[in-house]
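Hello,

Here is the structure I promised to pass on to you. Please open it alongside this note, and I will walk you through what turned up.

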Amino acid sequence: MRRSTSARAPLSRRLVAWAGTLLLTAALLVTQAPTASAAATVTDLGVAGKGGDVVARGGKVFVAAGDQIVVASIDGKVINTIPGLSGAVALASPETGRKVYAALRDSHEVIEIDTTTLAITKRIDLTAYPCPSSLAQSYGRLWIGFGCGEAGGGGVLGLIPAAAIPTPVRVGPATTQAPLVAVAGNTLVAGEPGVSPATVKVYDISTTPATSRGEIRGDANGLPALRDLALAEYGSTALSTLDDTRQFDAWDTTAMTQGRAYDSSGFGEHGLPTAVAASPNGAYVVGGWNSSAGDAAELVVYDATTAEVIYTAAQQGKAVVAGSIEFYGTLTFAVLKEPGTGRMHLWRLPPSPYHSSTLTLTAPSKVTALKQSTLSGRLTLSSGLPPGVQTLELYRWLPDGTSRPFQEITTAADGTYQFTDAPPSTGAFKYQVYWPGNSWFLGSGSSVTVTVALYEPTLTVTGPATGNVGERLEFSGTFGADGFTFQRAIITVSRKVVSPDGTVTSEHLVKLTSAADGSFSFSDTPATAGEHTYSVHLFGNSTIESARTTQVVTVLQPPA
């Protein structure tokens, strides 16, 4: 619930979290705002200088800090560093996987970091595009704003970092400063910071190379100088942080027109807008404000649709770093700097206001050992908004309780998902999917236990239909038409002979073991004429059912 201007305390005394309810749209639930007892935490990172960008991935928080990257745990404690860098100023990470990319402005390169080992696994040389200073990543592509301050020496690049030799492709015109970049859905926005009047260029990245949609200029005089830039609503809305506006502005990236504004109704005591970001689901906007003197900071959470204030928190003696707002699960992070010293601090808000989510999981009515079965489900949000592509965690347990390898799966944009599995045996298999949630929606999970039946083999035998007494008959067979790998199975072959005079004889012929692909072979040299019926019996085991088949061969007595 938004307070009036007169009811708000000065920035130096505001550390508030309003309790109350906010009626969103008809599709949204009423959400209880967090109370002041859920305090934010601030951790001294022990470093000072350039940088301040932050990403959270793989249970860790990475902060660019000039000559190093500081690594903290999700609870804000410093756990490690990646030293020996040259101008680490910007970070980005793909939606899934275990990689973080860092732009090294002074050594003119982008490095790839393994989030588990913290090892540098790749270096991308950008000597031809010096001073990479901003990064954004989506759909396997990395977008880079570069430039050292020389006229015409900067611009925007796109590349595929997973390529053996990533090839940079220029996007848009040359600039002087390294442009700020943001990407979401099929939209890329770029704007040169510190230039007035500023413009924000909008590109469609569903094409290769990216194509221009136009540019956002505001009125005839353009926009004030740009401080920060973000995208919301899957790329349909750009969020700008501009000098001298005392607000955050939302822009339609198709019509290039200004939409709503955040904190534009007399909240001048907020100070200067410095950083802005949209929650992963696009339902909320988080803005970072600094006092005019740069010695106090505030984070304000707005409802993206109504621009109502949901939550605020403040810090004294520090300023928010532009571009440093990051989301992870139900947490929001930002980086603060002390004026004068530049010493960095990691600011972690408490679990933020969120709505609920529901995750379903459905198994087929019949599941058979070794055969691929498809399980499916859907992630839905209580807001009614589509969740977009989300990563789910899949856990599986064997009947004896041991777990199978962990797997990540992704949903479609509408929240639907499916995966396949081939149970290695019979029994009760448990499947569990879990969505960890994001900054504004509580995670949810679902599980199902399926009873796996024996594999139903198709036993086939091929061989001659006729033969002569004394000639070797060759037979081959299989029960693995599906191409799986099987446990070795026992197969017996018996022979019944009906001679021309009607005499019937039967005997066990051979016992053999199938190959891993379910194939087998046997032979026989008939000693008498007549109808020879070869009965093949596959003995079942813990994985496959028993099966039988026959092969009839007419054996003739060759002429004397």
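Let me start with Phe522. Leaving aside neighbours within four places in sequence, Phe522 is in contact with Val461, Leu473, Glu474, Phe475, Val493, Val510, Leu512, Tyr534 and Val536, where contact means heavy atoms within 4.5 Å.

Before going further, two notes on the source. This is a predicted model, in which local features need pLDDT of at least 70 and side-chain atom pairs count only at pLDDT 80 or more, while totals for chains, interfaces and linings use all residues. Residues are numbered from 1 along each chain as its sequence is written, and side-chain values use heavy atoms, with hydrogens and water left out.

Now to the cores. A nonpolar core is a set of buried Ala, Val, Leu, Ile, Met, Phe, Trp, Tyr and Cys residues joined through side-chain atoms within 4.5 Å; buried means under 20% relative accessible area, exposed over 50%, and partly exposed in between, with a 1.4 Å probe and protein chains only. The largest nonpolar core has 44 residues, and of these Phe419 and Phe522 touch the most other members. Strand β38 gives this core its largest share, 4 residues; strands (E, at least two residues) are DSSP runs, numbered from the N terminus. Apart from this core lies another, of 18 residues, including Ala277, Ala297, Val301 and Ile310.

Next, the aromatic rings. The structure holds 12 aromatic pairs. Rings of Phe, Tyr and Trp (its six-membered ring) pair if their centres lie within 6.5 Å; planes under 30 degrees apart count as stacked, over 60 as edge-to-face and the rest as tilted. One of the pairs is Phe419 with Tyr431, tilted, at 6.1 Å centre to centre and 45° between the planes. Phe419 sits in strand β37 (residues 416-421) and Tyr431 in strand β38 (residues 427-437), 12 residues apart, and both are buried. Phe522 and Tyr534 make another tilted pair, with 6.3 Å between centres and 45° between the planes. Phe522 lies in strand β45 (residues 519-524) and Tyr534 in strand β46 (residues 530-538), so this pair ties together parts 12 residues apart in sequence. Both Phe522 and Tyr534 are buried.

Tyr534 also turns up beside Ser494. Leaving aside neighbours within four places in sequence, Ser494 is in contact with Glu507, His508, Leu509, Thr533, Tyr534 and Ser535. Ser494 belongs to strand β43 (residues 490-498) and is partly exposed, with a relative accessible area of 29%.

What about disulfides: how many are there? The count comes to 1 disulfide, taking a disulfide as a pair of cysteine sulfur atoms within 2.5 Å. Cys131 and Cys148 form it, with their sulfur atoms 1.9 Å apart. Cys131 lies in the loop between β11 (120-125) and β12 (132-138), and Cys148 in the loop between β13 (141-146) and β14 (154-159), so the pair ties together parts 17 residues apart in sequence. Cys131 is buried, at 5% relative accessible area, whereas Cys148 is partly exposed, at 35%.

Finally, have a look at strand β24 (residues 272-278). Of its 7 residues, 6 are buried, so β24 is largely enclosed by the rest of the structure. β24 and strand β25 (residues 284-290) pair in the antiparallel sense over 6 bridges; two strands pair if DSSP finds at least two bridges between them. Val276 stands opposite Gly287 in β25.

Best wishes
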